[in-house]
Amino acid sequence: MKIKGAIFDLDGTLLDSTWLWHQIDIDFLGSRGFEVPPDYVEIITPMEFREVALYTIERFHLPEEPEAIMAEWNQMAKDAYTNQIQMKTGTKEVLEELKKNGVRMVVATSNISDLFIPCLKRNGIYEYFDAFTECSEVGKSKKFPDVYIEAAEKIHCKPEECVVFEDIVEALETAKGCGFTTICARDAAWQYDEDALKEAADFQIQQISDALSLLNQWK
């Protein structure tokens with residue numbers, strides 16, 4: 001299999017950051033007298049940042065503006081992304097192997113650049129990426145293919161020439177549905193529906209470092 005481009009999700013795929021957002025949910029809703037509902041995280045995970053704020057306001061009947069909530073979440077996360085969040089084991093080695101083989105790389109994320117760019121720079125992997133695409137840039141969540149299409153266009157690749165690395169089933173379903181080869185890099189935070197995952201992911205790896213064996217097979 002010959003690939004020209006690789007599209008990476010960040011949180012839960014390359015970055016060990018899912019725990020932070022879970023804690024932010026607990027702290028944010030707890031400060032307003034709510035517990036985190038069992039389905040809340042699963043629902044919001046593929047969403048664009050502002051969409052999450054709007055959904056949260058509606059679900060919990062909060063008398064707040066989305067911009068204010070987004071600013072609060074941003075502030076809660078900023079220190080951790082700047083100083084604490086680490087890349088997952090093997091991330092740099094995978095990026096290095098792709099770079100060595102001339103594969104262009106791009107990020108497709110529902111996160112925002114103010115948070116993830118300092119984190120990527122501190123972890124020494126910012127320079128591996130040729131471009132970055134945020135869901136807010138296309139105005140749609142990962143329930144829609146726009147962010148992946150835009151990411152592929154930025155590195156001048158067609159969907160059939162790219163692999164997409166993701167950690168959640170819904171995003172994998174979206175990417176596969178528009179012609180990308182999909183790789184699920186499992187994250188311990190999620191309980192996977194194995195049947196749905198088999199449909200959505202062309203390949204599965206237990207951790208991002210396992211992608212090295214796939215890349216060697218494709219040479």
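**Exercise 1.** Against which helices do the buried residues of α3 pack?

This is a predicted model, in which local features need pLDDT of at least 70 and side-chain atom pairs count only at pLDDT 80 or more, while totals for chains, interfaces and linings use all residues. Residues are numbered from 1 along each chain as its sequence is written, and side-chain values use heavy atoms, with hydrogens and water left out.

Solution. 
- Step 1. Locate the helix: α3 covers residues 49-60. Helices (H or I, at least four residues) and strands (E, at least two) are DSSP runs, numbered from the N terminus.
- Step 2. List its buried residues, which are Phe-49, Val-52, Ala-53, Tyr-55, Thr-56, Ile-57 and Phe-60. Buried means under 20% relative accessible area, exposed over 50%, and partly exposed in between (1.4 Å probe, protein chains only).
- Step 3. Find their partners: these buried residues pack against α1 (18-30), α2 (40-44) and α4 (66-83).

**Exercise 2.** Compare the length of α3 with its expected span, then describe both ends of the helix.

Solution. 
- Step 1. Helix α3 has 12 residues, and its first and last C-alpha atoms are 17 Å apart.
- Step 2. The expected span is 1.5 Å times one less than the number of residues. For α3 the expected value is 16 Å, and the helix comes close to that.
- Step 3. At the start of α3, a side-chain oxygen of Glu-48 lies within 3.0 Å of the backbone nitrogen of Arg-50.
- Step 4. Just after α3 comes His-61, with a positive phi of about 55 degrees.

**Exercise 3.** Where do His-61 and His-156 lie, and are they buried or exposed?

Solution. 
- Step 1. His-61 is in the loop between α3 and α4, and His-156 is in the loop between α8 (146-154) and β4 (162-166).
- Step 2. The relative accessible area of His-61 is 70%, so His-61 is exposed. The value for His-156 is 68%, so His-156 is exposed too.
- Step 3. Check phi as well: His-61 has a positive value although it is a residue other than glycine. His-156 is not a glycine either, and its phi is positive, about 60 degrees.

**Exercise 4.** How are α4 and α6 oriented to each other, and which residues make the contact?

Solution. 
- Step 1. The axes of α4 and helix α6 (residues 113-122) come within 8 Å and cross at roughly 10 degrees. Axes are lines fitted to C-alpha atoms, for helices over the stretch in contact, with angles from 0 to 180 degrees between N-to-C directions.
- Step 2. The two helices are therefore roughly parallel, a label for angles under 35 degrees.
- Step 3. On the α4 side, the contact is made by Asn-74, Ala-77, Lys-78, Ala-80, Tyr-81, Thr-82 and Asn-83. On the α6 side, Asp-114, Leu-115, Phe-116, Pro-118, Cys-119 and Arg-122 take part. Contact means heavy atoms within 4.5 Å.
- Step 4. Take Asn-74 of helix α4 as an example. With a relative accessibility of 18%, Asn-74 counts as buried. Beyond its neighbours within four places in sequence, Asn-74 is in contact with Ile-112, Asp-114 and Leu-115.

**Exercise 5.** Which residues does His-22 contact beyond its neighbours within four places in sequence?

Solution. 
- Step 1. His-22 lies in helix α1 and is partly exposed, with a relative accessible area of 24%.
- Step 2. Its contacts beyond those neighbours are Val-41, Ala-189 and Trp-190.

Conventions
Polar contact = N/O pair within 3.5 Å; in protein donor to acceptor, adjacent residues only side chain to side chain. Parallel < 35°, antiparallel > 145°, perpendicular 65-115°, else oblique.
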